[in-house]
Amino acid sequence: MNIIFVKWGTKYSSEDVNTLYKSLVREDFDYYCYTDDPSGIDPNINIIPIPSKPALKVWWNKLYMFNKDFPLKGKTIFFDLDVYIRSDPWVILESIDWQKLTLVDCSYKTHVTDDVKHHFDVKINSSVAAWDTNNPYIHSIWDKFYSPQKDYYLRKYAGIDRFIVHEGFDYNTLNPELIQSYKYLSNKTAPIVTFEEVDYGSQDIKSWIEADRELL
């Protein structure tokens, strides 16, 4: 099993990578960081350098992992660096469909009433994602993006989640009881908490995580 993180630019530090790694480590899994700057990253994490071409920024680097030439083979799980592990995260393995791309269920976003193209938001996110790199369907996601329409997609979509949904790709979702949103759900009891649409580096969130760790 491959566990991978993406660190591009300076928004997140090597310490963010190392902290997440320590909360996920298992001896039977292999750990990777796809990054433009490996300095300070735990030596037990294998480094995959972000290439200079294609030149992608922020979240679009995640999409490159679906490229058939990406140097990982087999079952792979990705975690955003702004994910907090409260308890055993590997209970999610039971709800992964390795025949599809598996993403986070955001059905709690009640303001998203339909899947109309160009909708501002969608009811999934890729803060945790799982796929089999040997699946040609996964490769087709990258192939559609990395085409003559690439610049159009970059302008049209604020992130890969909307690209995946509005371009009609099939996906499965993880059990929503296992991953909760800090912003949308007040009572955090799940093994994994995500921080989409908030400032993960803020003192409020740091204080909440510290208080939660003391309670666990």
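Guide: First, a term: a residue is buried under 20% relative accessible area, exposed over 50%, and partly exposed in between (1.4 Å probe, protein chains only). This is a predicted model, where local features need pLDDT of at least 70, side-chain atom pairs count only at pLDDT 80 or more, and totals for chains, interfaces and linings use all residues. Residues are numbered from 1 along each chain as its sequence is written, and side-chain values use heavy atoms, with hydrogens and water left out.

Now the bridges. A salt bridge is a side-chain nitrogen of Lys or Arg within 4 Å of a carboxyl oxygen of Asp or Glu. By this rule there are twelve.

Start with R86 and D212. Their side chains meet at 2.9 Å, N to O. This pair links distant parts of the chain, 126 residues apart. R86 sits in the loop between β5 and β6 (101–105), and D212 in helix α6 (residues 203–215). Helices (H or I, at least four residues) and strands (E, at least two) are DSSP runs, numbered from the N terminus. R86 is buried, at 15% relative accessible area. D212 is buried too, at 7%.

Next, K68 and D69. They form a salt bridge of 3.5 Å, N to O. K68 is partly exposed, at 47%. D69 is exposed, at 54%.

Then K150 and D151. Their bridge spans 3.3 Å, N to O. K150 is buried, at 18%, while D151 is partly exposed, at 45%. Finally, a network: salt bridges with shared partners join K109, D121, R162, K183 and E197.
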